[in-house]
Every structure is written in C-alpha cells, then in structure tokens.
Amino acid sequence: MTSSTVEPHKAKRGEQTTLVGIFVNIGLVLVKGITGWFGHSYALIADAMESATDILTSILVWVGLRTASKAPDTNHPFGHGKAEPLAAIMVSIALVGAAILIAVQSIQHIQVPHEIPAPFTLVVLAVVVVVKEVLFRRIAKVGDEVESSAVKADAWHHRSDAITSLTAFVGISIALIGGPGYESADDWAALLASGFIIVNAYHIFRPSFGEIMDETPAGDWQQELKAIAMTVAEVKGIDKFRVRKTGFEYFIDLHVTVPGSLTVSQGHAIAHAVKAAIMEAKPAVYDVLVHIEPD
C-alpha cells in the first residue's frame, strides 16, 4: 500500500504562494529601482537587485515544486521529491551571489563621494519592509504546513529582502540626519545587509542539504512511529528504524521482531499491519518497508 500521488495539494499550495511572491517582487523591483535611482540611494538600488534575485529564485522554487509533485515513473520509482530541496539549495546559492555583488558595489560606492539620498526614499522603504514581512509570514506559514524546504527557503528570501530594506532605511536616516560627510551611511547599510543575506542563505541551505543527504528529519518521528508499530499484535520490539524525507513525503524502513515460531504467512501479515498502522497515523508517509526478524 503506497500513495498514488505525491501530496498534490501540498505542491499546489506552495506553487500558489510562490506565484504571489513573484508578482509582488516584480512590482517592488520597479518601485525600488526607480526610487533608488532618482533618490540617489545605492542601498535602495541594491535592495531592488535583491528583489530581482527573489523573482529568479521564486521561479526556481515554482519549477521545483511542480517537478516534486510528479508521480513516480520508471526512471524515478521513488518519485521526484528531491527536486524540492534542490530548488531550495539553488535559492541559497543565488542569495550568496547577490550578497557578494551588493557587498562589492557597496565598497566601491563608499570610496566614491556622492549625493545624500532623498528623504522620500524612506517612505518607499518603510512600505517595502511591511510588505516583505507580511509576505514572509504568509509564505513561511504555508511552508511549515506543507513541510516544504523550498517554500520555507522562498519565505526566508523575502525576509532577507525585508532586512535589506530595513538596513537601508537606517542607513539613509543616518545620512539625512548627519548631513554632509555621512553620505556613505547609505552604502554601509547595503554592505551590512549583504552579511545578513549570507546568514539567511546558510539557514536555507543547511536543512535542504540535509534532506538531499537523507538526514534524519527533525522531531520525534522515530519514537512516535516506533510506538505505533509496537501497537500491532505479535510485534515484540523494533530492531532498526530509519526515516528519510523526499520532497513532501517520508519513507520509512524498519525491522520488527516477532516470535520465531510464527509462519511466513503470519509474519507477512504482521508486516502489512505495521505498514498500514503507520501510514494511517501519518498521511505524509509515502511508503513503509518492514523487515521481519525472529525473536
């Protein structure tokens, strides 16, 4: 007994929130880029660049979710779930690239005298921070609900954009309050933002890489599922237990000990009962492989 599809409703929810983020970012890139250009704010232009990478990486996430939701086929008997954390890893790499570009250009602007940013840039940044934080919370909530590393990565990309905008707001405020001689505060803010972006990139990369490497999922999965297996009649103990996550689904391998006097048919029936109990209790489990060990 295995699932016939790979939680399509989860993939669909993830795709929908990702598309919302793409359209919001298209608008923000235009607003921040134009405001930064006419308002003489490199921090705001850098912020627009970060939003542009948001669009590209959100497209990657969308493609990853679409791929992960495909049913298993001859070449991919375990499904296409790995496309989902792979998309998250690509998001983290893109974030690092954007952070490096922003850092390099910030340093260049610090060394070259320029005008103090215009006051109206602060209004735009304040709106951007609110929009991005709301977007982060909404997408992060969906990411937790559908247990998607790619959707969570997309959410954190929006949070990094909010941080970039917030640091730009602080930098421009310092430049405006300080007056002549403080013009570079705007650029220092962009440089500081690049550091925050790299930190966020690591937080996206680490769990996604663990999933690619079949790392044991966080939480009490093993203890909870072991307890479920032990409720089946004739199961005396659990010898081995392994859990791995692939996209939206989980695969379980376990060895259960049963009385050695049982027949092969009886052992086979127990294995099916254990599998059924686990999959009924945990709909996210795609398949369970049960090996019978004599007590």
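Visitor: Which helix does K275 lie in?
Guide: K275 belongs to helix α8, residues 264–281. Helices (H or I, at least four residues) and strands (E, at least two) are DSSP runs, numbered from the N terminus. This is a predicted model, in which local features need pLDDT of at least 70, side-chain atom pairs count only at pLDDT 80 or more, and totals for chains, interfaces and linings use all residues. Residues are numbered from 1 along each chain as its sequence is written, and side-chain values use heavy atoms, with hydrogens and water left out.

Visitor: Is K275 buried or exposed?
Guide: K275 is buried, as its relative accessible area is 13%. Buried means under 20% relative accessible area, exposed over 50%, and partly exposed in between (1.4 Å probe, protein chains only).

Visitor: And which side chain does K275 have a polar contact with?
Guide: The side chain of D287, at 3.1 Å. A polar contact is a pair of N or O atoms within 3.5 Å; within protein, one must be able to donate a hydrogen and the other to accept it, and residues adjacent in sequence count only if both atoms are side-chain atoms.

Visitor: Changing topic, where is confidence lowest and highest among the helices named?
Guide: In the protein chain, confidence is lowest in helix α2 (residues 42–68), with a mean of 77, and highest in α8, with 90. The score is pLDDT, the predictor's confidence in each residue, from 0 to 100.

Visitor: Where is E234, then?
Guide: E234 sits in the loop between α7 (221–230) and β1 (237–246). Its phi is positive, about 80°, although E234 is not a glycine. At 38% relative accessibility, E234 counts as partly exposed.
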